[in-house]
Amino acid sequence: MAENGHKEHPKYFRIFWWLLALTIIEVAVAIPEYAIVLKAILLIGLACSKAALVAIYFMHLKFERRTLTIIVLTPFIICVFLVIMLMPDLTLDTRLDGIEKPAAEVVDTSSH
Amino acid sequence: MEHATTLDHTEDVYEPSLTPDSLGKLGMWIFLVGDTMSFGALLAAYAAIRAGAGIVGWVPPDEILGINLTAFMTFLLICSSVTMVKALESIQDGKVGRMCDFLGLTILGGVIFLGLQAYEWYHLIHHGLTLTGIPEHGLSGAAISGSTLFGPTFYAITGFHGLHVTGGVIYLIVILRNGWSGRYTAEFNHEVEIVGLYWHFVDLIWIMVFTFIYLL
């Protein structure tokens, strides 16, 4: 621990400016109306870069053992799996639509 | 510092420990890894509910939520993260008074954040965003309609984050009190680093919440 006193500190203000710039870009990207998929990719990419900056520099992951970084990354990978596992629910409504539509057509034909 | 010597001893026999400085740091990291899953589950559920809204539709968040205020709240949390690392940097250089000042600024940032969130919630509830309903008119003045699940998902996620900030502020106040009583030195400051980990995590989660709930 004694070496901490003489340790070179990372340039935190540089990280601050990066985070600020990325936040401004994020808001600028979010305001105009365009394809939601493109917007989602851009915004998630920007958010992940900001989160990475916070974790690597502010939470000192850069200066820890690599094993810790691997442990910290696991929940993010599990979250990706979580979204994949929830995919069937994402399309639930369209599948319900598919069930309802033929029923509606049956009513239509009987009224003719 | 006696546990540090124990660790040094075990290092000779076994593999080096993950965070040799302190077991508390490893404990906090493990808690944060678990907490990431809590927020991951909430955000994934939000995505599923929003995408599943289908024909009922989902009101564009910018019709209900004010982005300017929350962008400022994001800025505030980033600033408080910087003051937090500055506090740790100060105590690592042995400057106790400077650390206390920076911890105070960090707490101030957290308290202002909570105040703004309370202000935002008050206005949203007043405007008609409740657990069972959405406002009749959007911020642009146009009539809006969509899934009433907007309210509960919004309040659950921002509320859960707000509770984390509240916990963080209390945690920081405890550390600041310890700092005042002269507990921390250039050699002994793990506890400041650990509260920092928690605080940066809360900032990191807000970056995600801001993107997914407000901007997308």
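Tutor: Read along the sequence, chain A goes α-α-α-α. Keep in mind that this is a predicted model.

Student: How do you know how many helices and strands chain A has?

Tutor: Count the DSSP runs, where a helix needs at least four residues and a strand at least two. Chain A comes out with 4 helices and 0 strands.

Student: And what makes up chain B, from the N terminus on?

Tutor: The elements there run α-α-α-α-α-α-α, giving 7 helices and 0 strands. The C-alpha atoms of chain B fill a box of roughly 65 × 40 × 20 Å along the principal axes.

Student: Back to chain A. What makes H1(A) parallel or antiparallel to H2(A)?

Tutor: Start with the axes: helix H1 (residues 12–30) and helix H2 (residues 36–58) of chain A come within 10 Å and cross at roughly 165°. An angle over 145 degrees counts as roughly antiparallel, so H1(A) is roughly antiparallel to H2(A).

Student: Which hand does the crossing of H1(A) and H2(A) have, left or right?

Tutor: H1(A) passes H2(A) in a left-handed crossing. On the H1(A) side the contact includes Trp18(A), Leu22(A) and Ile25(A), and on the H2(A) side it includes Leu42(A), Leu46(A) and Leu53(A). By class, this contact has 14 nonpolar, 1 polar and 3 charged residues.

Student: How many residues does each chain put into the contact between A and B?

Tutor: Chain A gives 44 residues and chain B gives 40. On the chain A side, the elements giving two or more residues are H1, H2, helix H3 (66–90) and helix H4 (92–111). H3(A) supplies the largest share, 14 residues. Sorted by class, the chain A side has 29 nonpolar, 7 polar and 8 charged residues.

Student: Why is Ile207(B) called buried?

Tutor: The cut-off is 20 or more other C-beta atoms within 10 Å. Ile207(B) has 25 such neighbours, so it counts as buried. Its place is in helix H7 of chain B.

Student: What does Ile207(B) touch?

Tutor: Leaving out residues up to four places away in sequence, Ile207(B) touches Ala47(A), Lys50(A), Ala51(A) and Thr74(B). Lys50(A) also turns up in the H2(A) side of the contact with H1(A). As for Phe75(B), it sits 132 residues from Ile207(B) in sequence and 9.8 Å away in space, C-alpha to C-alpha.

Student: How much of each chain is buried by that cut-off?

Tutor: For chain A, buried residues make up 12% of the 112 residues. For chain B, they make up 39% of the 216 residues.

Student: How do you know that the length of H5(B) agrees with what 1.5 Å a residue should span?

Tutor: The expected span is 1.5 Å times one less than the number of residues. Helix H5 (residues 96–127) of chain B has 32 residues, so it should span 46 Å, and its end C-alpha atoms are 46 Å apart, which agrees. Just after H5(B), Gly128(B) takes a positive phi of about 115°.

Student: Which residues of H5(B) are buried, and what do they pack against?

Tutor: Among the buried ones are Met99(B), Phe102(B), Leu103(B), Phe113(B) and Leu124(B). The buried residues of H5(B) pack against helix H4 (67–92), helix H6 (150–180) and helix H7 (190–215) of chain B.

Student: What share of the contacts in chain B joins residues 24 or more positions apart?

Tutor: Of the contacts with a separation of 6 or more, such pairs account for 74%.

Note on methods: Residues are numbered from 1 along each chain as its sequence is written. Chains are lettered from A and ligands numbered from 1 in the order in which they are written. This is a predicted model: local features need pLDDT of at least 70, side-chain atom pairs count only at pLDDT 80 or more; totals for chains, interfaces and linings use all residues. Axes are lines fitted to C-alpha atoms, for helices over the stretch in contact, and angles run from 0 to 180 degrees between N-to-C directions. Angles under 35 degrees count as roughly parallel, over 145 as roughly antiparallel, 65 to 115 as roughly perpendicular and the rest as oblique. A crossing is left-handed if the near helix is turned anticlockwise from the far one by less than a right angle, and right-handed if clockwise. Two residues are in contact if their C-beta atoms, placed from the backbone, lie within 7 Å. Ala, Val, Leu, Ile, Met, Phe, Trp, Tyr, Cys and Pro count as nonpolar, Asp, Glu, Lys and Arg as charged, and the others, Gly among them, as polar.
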